[in-house]
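Subject: Structure handover

Hi,

Here is the structure we talked about. My notes on helices and ring pairs follow below it.

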Amino acid sequence: MLGIDNTLEEVVNTEDLLEVDFAHWETWKLHQWMDTQGLGQFGQRLPAGWTGSNILKLDKAGLGQLGIKHPLHVKKLVLALRNAGKEDAPGNLHCDTWVLPWLTEIGLPQHVPAFREAMVDGRVLNWLTYEDLRELKVRLRLHAVSIMRAIELLRECSFDPNYLNSSRIDNTTRPADVMLWTHTNVKQCSASTTSPSIPPLSRSPASTGPSL
């Protein structure tokens, strides 16, 4: 995303930024923009008199002086720059309020602290890699696969965080519904011995996660 010798302007599409005149944004507007992108704590560290052009000239060392050292924070800024002045498609990807509850719904609440620290939003999720997951200390491969598969489902559902089906399981449940079950659904089905149409997931390797 950003190599040791790269500046931000080398990894973003500066032609798109020309349309919104980003290079001439004044400090107050940069503060406002970074706040809306979930990067407000770093925006407050911008020196007085900075414009967007100063942001684009930052390399890793310069970002570090602003406190932007976590690889996922750098990625978050790069992706925000690539979308400056534009609406995300699909969905409202820059919003991060739903990401932590989403992790819990897919049955991986133990990773919430690392995702919170990295300030992961929907846009970062959309570009998340296995290398990023290692930075997030997701060391179990099955957890990593579950997260990546759940992200695929988010893409299929236009990044609607309400896509997961948390309704009760009954005899009307269709096999296709299983892909959209929350972790609660999976545990309910695993514990059930009364459903004639859906066998208990405890008999299957897939029972270890809702996204596999």
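Trp98 has a relative accessibility of 11%, so it counts as buried (buried is under 20% relative accessible area, exposed over 50%, partly exposed in between, with a 1.4 Å probe and protein chains only). Trp102 is at 1%, so it is buried too.

Before the rest, some ground rules. This is a predicted model: local features need pLDDT of at least 70 and side-chain atom pairs pLDDT 80 or more, while totals for chains, interfaces and linings use all residues. Residues are numbered from 1 along each chain as its sequence is written, and side-chain values use heavy atoms, without hydrogens or water.

Aromatic pairs

Rings of Phe, Tyr and Trp (for Trp, the six-membered ring) pair if their centres lie within 6.5 Å; planes under 30 degrees apart are stacked, over 60 edge-to-face, the rest tilted. That rule gives four aromatic pairs. One of them is Phe22 with Trp33: the ring centres are 5.5 Å apart and the planes stand at 75 degrees, so this is an edge-to-face pair. Phe22 sits in the loop between α2 (14–19) and α3 (27–36), and Trp33 in helix α3, so the pair ties together parts 11 residues apart in sequence. Phe22 and Trp33 are both buried. Trp98 and Trp102 also pair edge-to-face, because their planes are at 85 degrees, with centres 6.5 Å apart. Ring pairs also join Phe22, Trp25 and Trp33 into a cluster.

Helix α3

Helices here are DSSP runs (H or I, at least four residues), as strands are (E, at least two), numbered from the N terminus. Buried in α3 are Thr27, Leu30, Trp33 and Met34. Down the helix axis, these buried residues fall within an arc of 120 degrees, so they line one face of α3. The arc is taken from the directions from the helix axis to the C-beta atoms. Trp28 and Asp35 are exposed on the other side of α3. What covers the buried residues includes α4 (40–43), α5 (52–56) and α7 (contact means heavy atoms within 4.5 Å). Just after α3, Gly38 has a positive phi of about 80 degrees.

Helix α7

This helix covers residues 71–82; at 1.5 Å a residue its 12 residues should span 16 Å, and the end C-alpha atoms are 17 Å apart, which agrees. The expected span is 1.5 Å times one less than the number of residues. Of the 12 residues in α7, 10 are buried. Among them are Leu72, His73, Lys75 and Lys76.

Best wishes
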